[in-house]
Amino acid sequence: MTIRVGSWSVRLAPRALLVGAALIVLACAVTVAALATGEYTVPVPDVVTAVFGQGTPVAEMIVGKLRAPRVVTGLLVGAAFGLSGAIFQSLTRNPLGSPDFIGFTAGASTGGIIAVVAGGSAMTIAGGALAGCVVTAVLVYALAYRGGVQGYRLVLVGIGANALLLAVNSYLLTRANINDAASAGAWLTGSLSGRGWDHARPVALALAVLLPVSAYVSRPMRMIEMGDDAARAMGIRVEAVRAVAIAAGVLLSGVATAAAGPVIFVALAAPQLARRLTRSPGVTMGASALTGAVLLTAADLAAQRLLAPTQLPVGVLTAAIGGTYLALLLRKDRH
Amino acid sequence: MATAPAKGSPQMASRLSGTSLTLAYDQRVVAADLNVSIPDESFTVIIGPNACGKSTLLRALARMLKPRTGAVHLDGSVITALPSKEVARRLGLLPQTSIVPDGITVADLVARGRYPHQRLMRQWSRADERAVSEAMRATDVTELGDRIVDELSGGQRQRVWLAMALAQETPILLLDEPTTFLDISHQIEVLDLCADLHEAGRTMVAVLHDLNQACRYATHLIVMRGGEIVAEGEPRDVVTPELVRQVFDLRCEIIQDPQTATPLIVPEARRRVTASA
């Protein structure tokens, strides 16, 4: 579908737009459900009025202070993981090239644990996670570099780094005192419980900057998926595009891990789900971000309500939901 | 008679040329002090034994490989000094191997050839539409438009990649071994298509393996060995039994191709089945 105005023209894929709209509706539905339900049920109309600041004081307290920060953090973190996964899967031309498989998330965990053990505040832990992610990314990139970086080399080096860092993380936990180990352990499964606006803000800021950047480089990145020479022949500055994309992807996964801990599987599954839903060739940025947001908030909702009053960490559920759905889609692909 | 490698010979117009090129991967120098000019509107074929540097030279001409010394010139400017997209509107390349994106249709892949002509707010102009349908018609893939590229045969797929390069609408088109991995009928199909494109006014440069095919289709032959250009010119002037022996270590007889009157290399047989006349 093409829209032309004068010499301007924009090409749109109707199915991708439809899927995008459906995902937004779904995200809204999950958000309302998460705001309305819980130990104290707020009727949906009251939720809506509370969101617009005209509800009863009780509803505003529960919706605005207790539940909204958690849901919003979930939406933002999910979107950041989804987008980061899309970027790295495109760069490595490999579904396994997601940040949670090539060591970036594990590196962020290492940074986070060190901060926890050092007795840091929430902000220090977030900073540690972000630093850990960036340092790991730089090391993996440097080790995989051989006059440019081949996707499969990045994946292989990353998987090695991932294994190493997981071992380091376990070691750090055994050396920590029991209280630190417990709180670090909780953070390590990935959780949205008790997240406030302080957690949401950095992720929102990162997305505000990096979502447009990713959208801008997504066109040349799609060309690079055909091979470096093919892309260069089309006039794409491959190394420059790749550098921007890597920086965006690392920051997104670092900021997301800082906010919610290393929630696994969203970065892996969201781009794959999005690609199959939109049926577009290659990786899609916008749809991956939306899918990530829906996936994480839906998983968090289920984690809170399924075994209530027992609260599961969301990381347990993302693996279960994302994994099952992905397995179903892969099964369908074969026919 | 082999013409000497042209050092900007004034009688031959050439938009694309390389001067004093030293080409190397990491520490391994493939070619040193290479001078080459691609005659305008020629069908130039670069040929030579394995590892003679023919693909390396083509990649340097297509700015895929930065020369250690010397420079490639396009329309009088050093090619790396020109904006990358600007070069892509004048010079196209079909790489030896490209990766087919998962689940892409023929029409979508061909449309990607328009990238150098597009901008953020000009994603699909009428010129893009026309170029794509013309490229698909020229390569005879119009009927395959909605098919998934992964599901096509090797020959069809190569035609689709060619269509993508054509949609780029560049006056110069470089092809790195476009017939490798194809069976003989598809090889001829692709080369005939290249000949048509050449006749339509494009400058074509191809790296080929088969000397007889090179002789048939080339209007200008560049023969390489060990990183050097050994001979250059029209096939019938250049290809001699001595040259073939010198370049390919092959004893042969050269006869006239009964179809095209171009040189046809007949390798000397080790054992003769029937006595020759």
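Hi everyone, let's start in chain B with strand β1, residues 16-25, which is mostly covered, with 7 of its 10 residues buried. Buried here means under 20% relative accessible area, exposed means over 50%, and partly exposed lies in between, using a 1.4 Å probe and protein chains only. Strands are DSSP runs of E with at least two residues, helices are runs of H or I with at least four, and both are numbered from the N terminus.

Before going on, a word on the source: this is a predicted model, where local features need pLDDT of at least 70 and side-chain atom pairs count only at pLDDT 80 or more, while totals for chains, interfaces and linings use all residues. Residues are numbered from 1 along each chain as its sequence is written, chains are lettered from A and ligands numbered from 1 in the order in which they are written, and side-chain values use heavy atoms, leaving out hydrogens and water.

Back to β1(B). Which strands does it pair with? Strand β2 of chain B, residues 28-38, runs antiparallel to β1(B) and is joined to it by 7 bridges. Strand β4 of chain B, residues 69-74, is also antiparallel to β1(B), with 5 bridges between them. Two strands count as paired if DSSP finds at least two bridges between them. On the β2(B) side, B:L16 has B:I38 as its bridge partner, and B:L21 stands opposite B:L34. On the β4(B) side, B:T22 is partnered by B:T69. The hairpin of β1(B) and β2(B) has 2 residues between the strands, and B:D26 takes a positive phi near 50 degrees there.

Now zoom out to the sheet. It is open, has 4 strands in the order β2-β1-β4-β5 of chain B, and its pairing is antiparallel. The edges are β2 and β5 (77-78) of chain B; each has a single partner strand, so one side of each is left without a neighbour in the sheet.

On to the helices of chain B. Just after α1(B), B:R63 takes a positive phi of about 60 degrees.

Because its relative accessibility is 27%, B:K85 counts as partly exposed. What does B:K85 touch, leaving aside residues up to four places away in sequence? The list is A:M234, A:G235, B:Y115, B:P116 and B:Q118, where contact means heavy atoms within 4.5 Å. B:P116 is 31 residues from B:K85 along the chain, with 5.3 Å between their C-alpha atoms.

That brings us to chain A, which has 13 helices and 2 strands. A compact globule of 335 residues would have a radius of gyration near 20 Å, and chain A agrees, at 20 Å. That radius is taken over C-alpha atoms, and the globule rule is 2.2 Å times the number of residues to the power 0.38. Along the principal axes, the C-alpha atoms of chain A fill a box of roughly 60 × 55 × 40 Å. Buried residues make up 52% of the 335 in chain A. Finally, of the chain A contacts between residues at least 6 apart in sequence, 72% join residues at least 24 apart. Thanks, everyone!
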